[in-house]
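I set out to record what I looked up in this structure, entry by entry. The entries follow the order in which I worked.

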Amino acid sequence: MMSVFGLLGHGFAVAATPTNLFFCLVGAVCGTLIGVLPGLGPVATISLLLPATFALDPTAAIIMLSGIYYGAQYGGSTTAILVNIPGESTSVVTAIDGYKMAQQGRAGEALAIAAIGSFIAGCFGTVVIALLGPPLALMTQRFASPDYFSLMVLGLVSAVVLANGSVFRAISMIFLGLLLGMVGMDINTGEARMTFGFVELSDGIDFVALVMGLFGVAEVISNLEDVSVRIVNHTRVGSIWPSFRVLKGAWGAVMRGTLLGTVFGILPGGGATMASFSAYALEKRIAKDPSRFGKGAIEGVAGPESANNAAAQTSFVPLLTMGIPTSATMALMVGALTLHGIAPGPMIISRQPDLFWGLIASMFLGNVMLVIINLPMIGIWVRLLAVPYRVLYLIICVVCAIGVYSVNNSSFDVYLTIGFTLLGYVLRKLHAEPAPLLMGFVLGPMVEENFRRSLITSHGDPMIFLQRPISFALLLLSVALLISMVMPSISRRREEVFQE
Amino acid sequence: MKRLVVAAFSLWVAMGFTVASAEEWPTKTIRLVVPYAPGGYTDAVARITANYLEKALGQTVIVDNRAGGGGIVGTDLIAKLPGDGYSLCVCSVGAISISPVAQGVQYDPLKDFKPISIVSTIPQTVIVNPSLPIKSIQDLVSYAKDHPGQLNFGSSGAGGLMYFSVALFQARTGTKMTHVPFKGGSPATAAVVSGEVNLAFTNMTDALPQMEANTVRALAVTSTQRSEFAPQLPTIAETVLPGYSAESWNGILAPASTPDAIIDKLSGVFKKMAADPDVQKSMAIAGASTVFTTPAEYRSRIAQELEQWRSLLKEIADKKT
């Protein structure tokens, strides 16, 4: 039995062949590009490039496709920060403070922190796969439906923390999100819910269509309406390199985000998205002055961006160690491996050591390439803000439309985006933030699915949520968080009463 | 580049001769609609088929993924397209034989399509968590009879073959197990591995890697014949339920208005394709057996399957009342 380092050394020998290095670079560059383009995600890109990999050796193919996936997490923050349009679902929360930083002329700083945080998180995530992959995968096997349910409840409770304004509006937005998440086929009965006869809605509302409408195009409309915002945008660009003070401020957030992302990535179901949301909520929760958030706090960029990259890396663990895909992208990886004649399963590490260790080594190399590609690009991206808005907004709209269409090759999704743009605009006018809505939309269906499945397996006994230790601990944490959120407002109200 | 030139040229040709007769078909790019996401099992079958058709017909064949609703969205799309021989569907058992019975769809699987040929089949495998004292399919039946409602089986959702094959098994053996639906076949298989559910009738492709690693115990296959990929496994039909059949297939269908001459020509191509060693090899990698059926055989198989599931649903509904 070779040591992990011996095996990793062998992996580097595999990954560093000119062919594999080349495809790693191709993947990293493609990933960065599609990450930057809003709506165009890794799933659509990987499926587009999948047939092109048939001629390649399986290891080279999987190295390239993986590069696209984690590369997209680097690029996703760019448009989120510059123009408030998240390139990927995982960058939704990055936009909250990142965009505010850009408006204050600190776009370069935000982009640099995002890239550095992503690099640190990406490398850490890779180390975790190499050292702890198989035992971690076994750990996730202990997670059953009741535990997922309680985890999602914790997520919903912490979604309230995302809000910057009124708690009432945040809760309303979460519920609106839950409602939107209900649309589609009920897996327990096969019945269509709230689809109004549209077969296109039978899988539910597409996440990309929702995000592009609520954030992307709605943002464009309010920018066109309010001239002052745009002027701030391209008159002050600011220094590209973050000062030592900023780096010091972001350091803790990067570390916490990395750890959180590493854990969430291993768990099935929206791992990376959930990781970035939770990282933001955590940073805001532990900050000495939470009011800075939503106004350009560097931790609000550093935490989520580190979290989504760490999660992107560790989401390979269940696939590579158990053969179980945990997201749409990982399911595509299974497809890619299968088409190359490799059955992803528990035996993959021992049967295909070249592939496994080569892929892990390529992740290190890929992360180094990505930080080298991304840091100098910041100057170019920032200059993008100097493009007159009358040109820029057209480009944004066209790219959003292409991105939304590319997900399912469906023009229906483009119409949906138009609908959600109107909703997003109305919500803006009501000063209701869309981030908690998205959290409800993402978590709602998972809460329902796991809740119902838990009760089926327990034959209707709700005590299952309290009997399982993981589930019990998570529910306890949710209650504690809820109390800590309600308490200040109660005591504040008391103070107000006493003042009167 | 070559494909682009061919595509541009064929577009030009198509515009020049708007009424191309069936003898000249095909004169332009053919679209092969796949009602499932890229990278999946049906997508793999479609890409192998597209590759062969391009060589055999001398025209570009594009794979167009239209995923959604367990295949309903893409299948519905092809039902509404003009039948000119340039739009074909790589459909599957779920959207053609099950969904129309299980949840109601806007197309009629027999009236809105002309079936051409099944190109591949794949059996389901009965897998159980290895901690259970169930070593054979006979054990499963007697255990389920002794412990009614206590065994949990995972499925890909209420409208899929993974549920229907177990429902048929229960109805014929007189057993009762608890249905636990998941979002897709892969998480359901994973739940058998982790022990969250006790068993599942899962796709052979998903089951094989877990069988090799002994993380699940395989008991039988659901097809009428044993599988070439796991010949040691008996069929349900030869052991406990003669005549039992629940097999996943992928086949090519065209919109109902497609001329018969084109259907015949394609049928000839698929007959040759099924005998092609390269195709057989690629299909085997994807976990599928290469198959050919005549349009008539295919049509009667769909009708037979629709009848099987329809009467099963009626039987279940009657039992409840």
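**Entry 1. The core.** I began with the term I needed: a nonpolar core is a set of buried Ala, Val, Leu, Ile, Met, Phe, Trp, Tyr and Cys residues joined through C-beta atoms within 7 Å. I note at the outset that the model is predicted. Which residues touch the most other members of the largest nonpolar core? I found Ile81(A) and Met439(A) in that position, in a core of 254 residues. Helix α6 of chain A, residues 107-141, supplies the largest share of this core, with 16 residues. I also looked at chain B, where domain 1 (2-122 + 247-313) and domain 2 (123-246) both give residues to the core, so it lies between them.

**Entry 2. Ile81(A).** I then listed the contacts of Ile81(A), leaving out residues up to four places away in sequence. The partners are Thr94(A), Gly98(A), Tyr99(A), Met101(A), Ala102(A), Ala107(A), Ala110(A), Leu111(A) and Ala114(A).

**Entry 3. Two helices of chain A.** I turned to helix α5 (residues 92-103) and helix α13 (residues 299-314) of chain A, which pack at an angle of about 145 degrees with their axes 8 Å apart. The crossing of α5(A) past α13(A) is left-handed. On the α5(A) side I recorded Val93(A), Thr94(A), Ile96(A), Asp97(A), Gly98(A) and Met101(A); these meet Gly300(A), Val301(A), Pro304(A) and Glu305(A) of α13(A). I classed the residues of this contact as 5 nonpolar, 3 polar and 2 charged.

**Entry 4. Phe149(A).** Beyond its neighbours within four places in sequence, Phe149(A) is in contact with Val447(A), Asn450(A), Phe451(A), Ser454(A) and Phe465(A). I also noted Arg453(A), 304 residues from Phe149(A) along the chain, with 9.5 Å between the two C-alpha atoms.

**Entry 5. Chain A against chain B.** I counted 37 residues of chain A in contact with 38 residues of chain B. On the chain A side, α15 (328-339) and α20 (434-457) are the elements that give two or more residues. The most come from α15(A), with 6 residues. That side of chain A divides into 17 nonpolar, 15 polar and 5 charged residues.

**Entry 6. The domains of chain B.** I returned to the two domains of chain B, domain 1 (2-122 + 247-313) and domain 2 (123-246). Their centres, taken over C-alpha atoms, are 29 Å apart. The contact takes 15 residues from domain 1 of chain B and 19 residues from domain 2 of chain B. On the domain 1 side, the elements that give two or more residues are α4 (93-102), β9 (247-255) and α12 (295-320) of chain B. The largest share of that side, 5 residues, comes from α4(B). By class I recorded 7 nonpolar, 7 polar and 1 charged residues there.

**Entry 7. Helix α4(B).** How many residues of α4(B) are buried? I found 10 of its 10 residues buried, including Val93(B), Ile96(B), Pro100(B) and Ala102(B). Among the elements that cover them are α3 (72-79), β3 (87-92) and α6 (161-173) of chain B, together with β9 and α12 of chain B. Last, I noted that Gly104(B) follows α4(B) and has a positive phi, near 80 degrees.

Notes:
Residues are numbered from 1 along each chain as its sequence is written. Chains are lettered from A and ligands numbered from 1 in the order in which they are written. This is a predicted model: local features need pLDDT of at least 70, side-chain atom pairs count only at pLDDT 80 or more; totals for chains, interfaces and linings use all residues. Two residues are in contact if their C-beta atoms, placed from the backbone, lie within 7 Å. Helices (H or I, at least four residues) and strands (E, at least two) are DSSP runs, numbered from the N terminus. Ala, Val, Leu, Ile, Met, Phe, Trp, Tyr, Cys and Pro count as nonpolar, Asp, Glu, Lys and Arg as charged, and the others, Gly among them, as polar. A residue is buried if 20 or more other C-beta atoms lie within 10 Å of its own, exposed if 12 or fewer, and partly exposed in between; C-beta atoms are placed from the backbone. Domain bounds come from an automatic or database domain assignment. Axes are lines fitted to C-alpha atoms, for helices over the stretch in contact, and angles run from 0 to 180 degrees between N-to-C directions. A crossing is left-handed if the near helix is turned anticlockwise from the far one by less than a right angle, and right-handed if clockwise.
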